[in-house]
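Please have the sequence and the structure at hand while reading.

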Amino acid sequence: MLTFIISIGLLIVAYFTYGKFVERFFGASSTIATPVKRLADGVDYHELKPWRIFVIQFLNIAGLGPIFGAILGAAYGPMAYIWIVIGCIFMGATHDYFSGMLSIRHDGTSLPDIVGKYLGNNVRKFMTFFTGFLLLAVGVSFVNGPADLLGNLTNMSMTPWLYVIFAYYILATLLPIDKIIGKIYPFMGLALIFMAVGSYLLYGGFSGKLYIEELTFDTMKNMHADPANNILFPMLFIVISCGAISGFHATQSPMMARCMTDEKYGRPIFYGAMISEGIVAMIWATAAMAYFGGAEGLNAAATAGKTPAIIVDAICNSWLGRFGAIIAIIGVVVCPITSGDTAFRSMRLIIADALKFNQKPIKNRLIVSIPIFIIAYLLCNVDFSTIWKYVGIGNQVLATITLWTAATYLAKKGKAHWMMSIPATFLSIVCTTYFLIAPYKVGGLYLSSSISYPIGAIVGIGLFVLFITKITKNK
């Protein structure tokens, strides 16, 4: 378990070291009045205890992402560990911290308006539509998935469950944040934590009965069963998004920024929640490989039709018995719901911010929310699997834009921008290369690596040069 233990240790140490450095570098201060102190409305701007905000943020950004994404990423072998650890510490956690803290510094405003302030109005307009589509895709997918599973478990049609989940989503979107989300999320968080820590640490990791594949020179390669269509770079960096970096998180952080009473809570809530998600991703990537005897066995299981949901169910059933099976069911149903409800709520806030539409009166919330849910319901009657394939790359495009926004903010403040501009350049290369090299069925042009890699590098480095040029002119 050497690789696993070192990886978890690095993530924890990073919170207390690099996380503290990021906090000091940003300049978080308890003397600056947060938005909720100035703009409290009892609906979206509502004071919550820091531990509650942490749990809500953790579940908002996690859901099934660090579980299913990590399992799919583990098919590439222990190389997944490098991306989870390095990506989480230096990209994902800083990305989440800056997206949340920039929102705090700008009255709790949503991501598109923050981006527009630093990258221009045209980018803001694009971000409003792009972010809205991504949130709608996440929300609808997290209606169908749980409804289908509940239908199978109860031998019923998924339609009644569709209405039940939609009813919950509508309430969670409309009601003040402390009425539903603030009250039930701590209990949902326990299920997610138990699924990860219980299934692996209480049995799998320390039982001595499992083969743990270590990261060595021999395993530092693409171990995917279909390496031709699943090239290590950039596919691994798209498959594992939530466990390393995800733009979806930047849409969620402003909701919590509106509830924080002190900027100093930013490190545990934003940076800390992402580190926690990285730990969950590490656990599930390791558990998936260990359960099947290594990456080769995991690939064989996937080829035989075992989806991540089936794998999670099998691991919990095998390692934790009947109680574990119940927790797995709760987790696989509850985890997507905790991201779906806040996806719709975030979408309401983004539209309201774009229209400068006060959301304190319930009628105003209804005016914004009703069209959202009508569109979402119509999309539930369509095969949404095709759209969901683009959510992974959509996450990383959104993250790239957020990183460039944070880099521009630092430059305008006269601070060194490297902690954000270097990750932004890297992710720009990843996204561009993906669009060029990925197979047609997952949104790529399916070009050769000899074409895709140079063009991806040129685009990424070109954006960096453009960024340097613009900030130099504006000095």
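The model is predicted.

**The core**

The largest nonpolar core contains 143 residues. Tyr-97, Phe-98, Tyr-169, Tyr-271 and Trp-284 are the residues with the most contacts inside this core.

How much space lies in the second largest pocket? The volume is about 500 Å³. The lining of this pocket is made of 18 residues, and Leu-119, Thr-408, Phe-467, Lys-470 and Ile-471 are the closest to its centre. By type, the lining has nine nonpolar, five polar and four charged residues. Three helices, α7 (111–119), α18 (391–412) and α20 (449–473), each supply at least two lining residues. The most come from α20, which gives seven residues.

**Two residues compared**

Thr-425 is part of helix α19, which spans residues 418–437. Lys-415 sits in the loop between α18 and α19. The table sets out the accessible area of each residue.

| Residue | Relative accessible area | Class |
|---|---|---|
| Thr-425 | 11% | buried |
| Lys-415 | 29% | partly exposed |

Why is Thr-425 classed as buried? Thr-425 counts as buried because its relative accessible area is 11%, and the cut-off for buried is under 20%. Lys-415, at 29%, is therefore partly exposed, since that class lies between the buried limit of 20% and the exposed limit of 50%.

Each residue also has a polar side-chain atom placed by a backbone oxygen. For Thr-425, the oxygen belongs to Ser-421 and the distance is 2.8 Å. For Lys-415, the oxygen belongs to Phe-25 and the distance is 2.6 Å.

The other contacts of Thr-425, leaving aside neighbours within four places in sequence, are with Trp-404, Gly-460, Ile-461 and Phe-464. Lys-415 touches Phe-25, Phe-26, Gly-27 and Leu-410, when residues up to four places away in sequence are not counted. How far apart are Lys-415 and Phe-26 in sequence and in space? They are separated by 389 residues in sequence, while their C-alpha atoms are 9.0 Å apart.

Definitions and conventions: Residues are numbered from 1 along each chain as its sequence is written. This is a predicted model: local features need pLDDT of at least 70, side-chain atom pairs count only at pLDDT 80 or more; totals for chains, interfaces and linings use all residues. Side-chain values use heavy atoms; hydrogens and water are left out. A nonpolar core is a set of buried Ala, Val, Leu, Ile, Met, Phe, Trp, Tyr and Cys residues joined through side-chain atoms within 4.5 Å. Buried means under 20% relative accessible area, exposed over 50%, partly exposed in between (1.4 Å probe, protein chains only). On a 1 Å grid over the protein atoms alone, a cavity is a set of points where a 1.4 Å probe fits but cannot get out, and a pocket is an open set with protein on both sides within 12 Å along at least five of seven lines; lining residues have an atom within 4 Å of a point. Grid points are joined across faces, edges and corners, and a volume is the space filled by probe spheres set on the points. Helices (H or I, at least four residues) and strands (E, at least two) are DSSP runs, numbered from the N terminus. Ala, Val, Leu, Ile, Met, Phe, Trp, Tyr, Cys and Pro count as nonpolar, Asp, Glu, Lys and Arg as charged, and the others, Gly among them, as polar. A polar contact is a pair of N or O atoms within 3.5 Å; within protein, one must be able to donate a hydrogen and the other to accept it, and residues adjacent in sequence count only if both atoms are side-chain atoms. Contact means heavy atoms within 4.5 Å.
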